[in-house]
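Please consult the sequence and the structure shown below while reading.

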Amino acid sequence: QVHLVESGGGLVQAGGSLRLSCAASGRTFSIYARGWFRQAPGKEREFVATIGRSGGSANYADSVKGRFTISRDNAKNTVYLQMSSLKPEDTAVYYCAAGDVIATVPTAYQYWGQGTQVTVSS
């Protein structure tokens with residue numbers, strides 16, 4: 001199995017930046033796709049970004065394109081989400097995910113972190 005732990009969440013003012021990290025342990029050699037999802041209160045979990053094992057083929061939700069950057073360091077078994085120009089609507093619990101295929105739906109991912117809260121104030 002794979003264990004994922006997110007970190008880096010917090011409170012930031014609108015227009016600010018924040019970097020999330022997600023470290024993986026366990027059967028990390030089996031991980032192909034890594035992704036970030038977020039869930040705001042009362043809303044369904046939504047796709048944010050995903051990246052393939054090689055670090056290429058990065059995909060982003062339209063709402064975060066140009067502001068968020070996903071990357072991964074396979075030597076450290078860690079994926080990152082650099083968030084810039086943050087908006088209040090970015091406020092949510094952010095979850096790290098891992099699976100064997102690249103997908104934008106949460107059901108495609110087998111492994112999930114515990115989530116980290118990101119709050120953006122006006």
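How many aromatic pairs does the structure hold? The structure, which is a predicted model, holds four aromatic pairs.

## Aromatic pairs of Phe37

Phe37 and Phe47 make an edge-to-face pair, with 6.0 Å from centre to centre and 70 degrees between the planes. Phe37 belongs to strand E4 (residues 33-39) and Phe47 to strand E5 (residues 46-51); the two residues are ten residues apart, and their pair links distant parts of the chain. Phe37 counts as buried because its relative accessibility is 0%. Phe47 has a relative accessible area of 14% and is therefore buried, the cut-off being under 20%.

Phe37 also forms an aromatic pair with Tyr109. Why does the pair tie together parts that are 72 residues apart in sequence? The reason is that Phe37 lies in strand E4, whereas Tyr109 lies in the loop between strand E9 (92-99) and strand E10 (111-112). With a relative accessible area of 5%, Tyr109 is buried.

Which residues form one aromatic cluster? The members are Phe37, Phe47, Tyr109 and Trp112.

## The four-stranded sheet

Four strands make up an open sheet in the order E1-E3-E8-E7, and their pairing is antiparallel. Which strands form the edges of this sheet? The edge strands are E1 (2-7) and E7 (68-73), each of which pairs on one side only. From one strand to the next, the twist averages 15 degrees.

Strand E1 pairs with strand E3 (residues 18-26) in the antiparallel sense, and the pairing extends over six bridges. Within E3, Ser21 stands opposite Ser7.

## Summary

The open sheet has the strand order E1-E3-E8-E7.

Terms used: Residues are numbered from 1 along each chain as its sequence is written. This is a predicted model: local features need pLDDT of at least 70, side-chain atom pairs count only at pLDDT 80 or more; totals for chains, interfaces and linings use all residues. Side-chain values use heavy atoms; hydrogens and water are left out. Two strands pair if DSSP finds at least two bridges between them. Axes are lines fitted to C-alpha atoms, for helices over the stretch in contact, and angles run from 0 to 180 degrees between N-to-C directions. Rings of Phe, Tyr and Trp (its six-membered ring) pair if their centres lie within 6.5 Å; planes under 30 degrees apart count as stacked, over 60 as edge-to-face and the rest as tilted. Buried means under 20% relative accessible area, exposed over 50%, partly exposed in between (1.4 Å probe, protein chains only).
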